[in-house]
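Me: I'd like to go through this fold with you and ask where the labels come from. Can you take me through it?

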Amino acid sequence: LPVRVLHIAPRFVVANETCYRLWVRVAPIPGATGLRPVILQQKERRPLYSVAENCLEACIEGWNWSGRLEAETVGEYAFQVFSEQQQFENLRVEVRRVHATNFIIFREHNPRLAAYRISNLTKGSLYFRQAL
């Protein structure tokens, strides 16, 4: 008899590389119910089997949820989470594709890396200022 080997891998794996206990959930969509967050301890990885619209949300335990985070777009970007006491924390997320699985890795913000970059792709001058 011929033998076939079938490898089954989760589509998404979320990893917490921060010093915080993170909650990660599928971004809510209208009419969806029963979406439970995944609670990630420090340095923990877990498979995530369902991601609606390829978007996630994250928060530090006890804080407000972030905005939507892309789970399909490979790369690295920064986001913020806020507490009820108006504290905020900058975090980074890296999406890395290995074969059929997207690894979504949450890391602490590196202050030596710019969280945002402004590129002027026009022919004119661009003036901006940071609001305090």
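Me: What makes up the secondary structure here, and how many helices and strands are there?
Reply: The protein has zero helices and nine strands. Keep in mind that this is a predicted model. From the N terminus on, the elements simply read β-β-β-β-β-β-β-β-β.

Me: Which strands form the open sheet, and in what order?
Reply: Five strands do, in the order β4-β1-β9-β8-β7, with mixed pairing. On average, neighbouring strands in this sheet are turned by 25° against each other, ignoring direction.

Me: What makes β4 and β7 edge strands?
Reply: Each has a single partner strand, so one side of β4 (45-48) and one side of β7 (75-82) go without a neighbour in the sheet.

Me: How do you know that β7 and β8 count as paired, and which way do they run?
Reply: Pairing takes at least two bridges. Eight bridges join β7 to β8 (residues 88-98), so the two strands pass that test, and they run antiparallel. As one spot to look at, V81 stands opposite E89 in β8.

Me: Why is S83 called buried?
Reply: Buried means under 20% relative accessible area. S83 has 3% relative accessibility, so it counts as buried. S83 sits in the loop between β7 and β8. Apart from its neighbours within four places in sequence, S83 is in contact with W63 and N64.

Me: What makes E76 and R92 a salt bridge?
Reply: The cut-off is a side-chain nitrogen of Lys or Arg within 4 Å of a carboxyl oxygen of Asp or Glu. Here the closest N and O atoms are 2.2 Å apart, so E76 and R92 qualify. E76 lies in strand β7 and R92 in strand β8, so the pair ties together parts that are 16 residues apart in sequence.

Me: Buried or partly exposed: which label does each of those two get, and why?
Reply: E76 is at 43% relative accessibility, so it counts as partly exposed. R92 is at 17%, so it counts as buried.

Me: Which residue does E72 form a salt bridge with?
Reply: E72 forms a salt bridge with R11, with the closest N and O atoms 2.2 Å apart. E72 is in the loop between β6 (69-70) and β7, while R11 is in the segment before β1 (12-16), so this pair ties together parts 61 residues apart in sequence. At 22% relative accessibility, E72 counts as partly exposed, and so does R11 at 44%.

Me: What about E94 and R107, and how do they meet?
Reply: Their side chains meet in a salt bridge, 2.6 Å from N to O. E94 is in strand β8 and R107 in strand β9, 13 residues apart. E94 is buried, with a relative accessible area of 14%, whereas R107 counts as partly exposed at 21%. Elsewhere, salt bridges that share partners join R11, E72 and R97 into one network. A search of the whole structure finds eight salt bridges.

Conventions: Residues numbered from 1 in each chain as written. Predicted model: local features only at pLDDT ≥ 70, side-chain atom pairs only at ≥ 80, totals over all residues. Heavy atoms only, no water. Helix = DSSP H or I, 4+ residues; strand = E, 2+ residues; numbered from the N terminus. Axes fitted to C-alpha atoms, helices over the stretch in contact; angles between N-to-C directions. Buried < 20%, exposed > 50% of the residue type's maximum accessible area, 1.4 Å probe, protein only. Contact = heavy atoms within 4.5 Å.
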